Amino acid sequence: MYTPLPDPGHQAGFYAGVPVKRALAWVVDASLIAIMAMIVVLFTLFLSLFFLPALYLTISFLYRTITLARHSATPGMQLMAIEFRDRSGAKFDLGTAFLHTLGYTLTISTVLLQLLSMGLMLTTARGQGLTDLVLGTVAINKPARN
C-alpha cells in the first residue's frame, strides 16, 4: 500500500531544496552520460563521432529510464538524496520511468520548454517541472528508512 504524496504545506521538508538538488543531480548525470558516450566513441574507433548527438541521446534515454525504473532516481539523484514518486506516492515502475524520460527528452529539446519547466520547479508548491505536472509525479527528499 502506498501513501499519498506529501503535502507541501504540512510536510515541507520533503520538498526543501529539491530544485537545487535536481540541478546538481543533472550535472552529475550529464557528466556520467558524457563519460559513457566517450567510452563508446573509443570502442568504435571514433566512428561513432559521425552520429554523436544520436549516440548521446540514446545513452541518456536508456540511462535515465533504467535507473529511474530500478531506483526511482538516477545516480545523480541518489547522490543528492532525492527520488521520484508517482501521483499515488509509489516509486516509479518501468512504464512511468519511460514516460518521464520521454517527457524530459521532449522538454529539453527546446529552450522555451526547458525554461518553462525550470520556472515551474522554482514556483510550484511541490517543485514540479513540466513533465512532472503532466504525469502527476514529484521529486522529493528521500525519506529516512525506519
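Rings of Phe, Tyr and Trp, the last represented by its six-membered ring, are taken to pair if their centres lie within 6.5 Å. In this predicted model, a search of the whole structure on that basis returns two aromatic pairs. One of them joins Phe 61 and Phe 98 in an edge-to-face arrangement, with 5.5 Å from centre to centre and 70° between the planes. Because Phe 61 belongs to helix α2 (residues 52-71) and Phe 98 to helix α4 (residues 94-108), this pair ties together parts that are 37 residues apart in sequence. Phe 61 has a relative accessibility of 18% and therefore counts as buried, the cut-off being under 20%, whereas Phe 98, at 38%, counts as partly exposed. The pair formed by Phe 84 and Phe 92 is stacked, with 5.2 Å from centre to centre and 10° between the planes, and both Phe 84 and Phe 92 are buried.

The search for open space identified a largest pocket that holds about 590 Å³. This pocket is lined by 26 residues, of which Arg 22, Ala 23, Trp 26, Tyr 104 and Met 121 are the closest to its centre. Helices α1 (18-43), α2, α4, α5 (111-123) and α6 (130-135) each contribute at least two residues to the lining of the largest pocket, and the largest share, seven residues, is supplied by α1. By residue class, the lining of the largest pocket comprises 14 nonpolar, eight polar and four charged residues. Helices α2 and α4, which contribute to this lining, are also the helices in which Phe 61 and Phe 98, respectively, lie.

Methods:
Residues are numbered from 1 along each chain as its sequence is written. This is a predicted model: local features need pLDDT of at least 70, side-chain atom pairs count only at pLDDT 80 or more; totals for chains, interfaces and linings use all residues. Side-chain values use heavy atoms; hydrogens and water are left out. Rings of Phe, Tyr and Trp (its six-membered ring) pair if their centres lie within 6.5 Å; planes under 30 degrees apart count as stacked, over 60 as edge-to-face and the rest as tilted. Helices (H or I, at least four residues) and strands (E, at least two) are DSSP runs, numbered from the N terminus. Buried means under 20% relative accessible area, exposed over 50%, partly exposed in between (1.4 Å probe, protein chains only). On a 1 Å grid over the protein atoms alone, a cavity is a set of points where a 1.4 Å probe fits but cannot get out, and a pocket is an open set with protein on both sides within 12 Å along at least five of seven lines; lining residues have an atom within 4 Å of a point. Grid points are joined across faces, edges and corners, and a volume is the space filled by probe spheres set on the points. Ala, Val, Leu, Ile, Met, Phe, Trp, Tyr, Cys and Pro count as nonpolar, Asp, Glu, Lys and Arg as charged, and the others, Gly among them, as polar.
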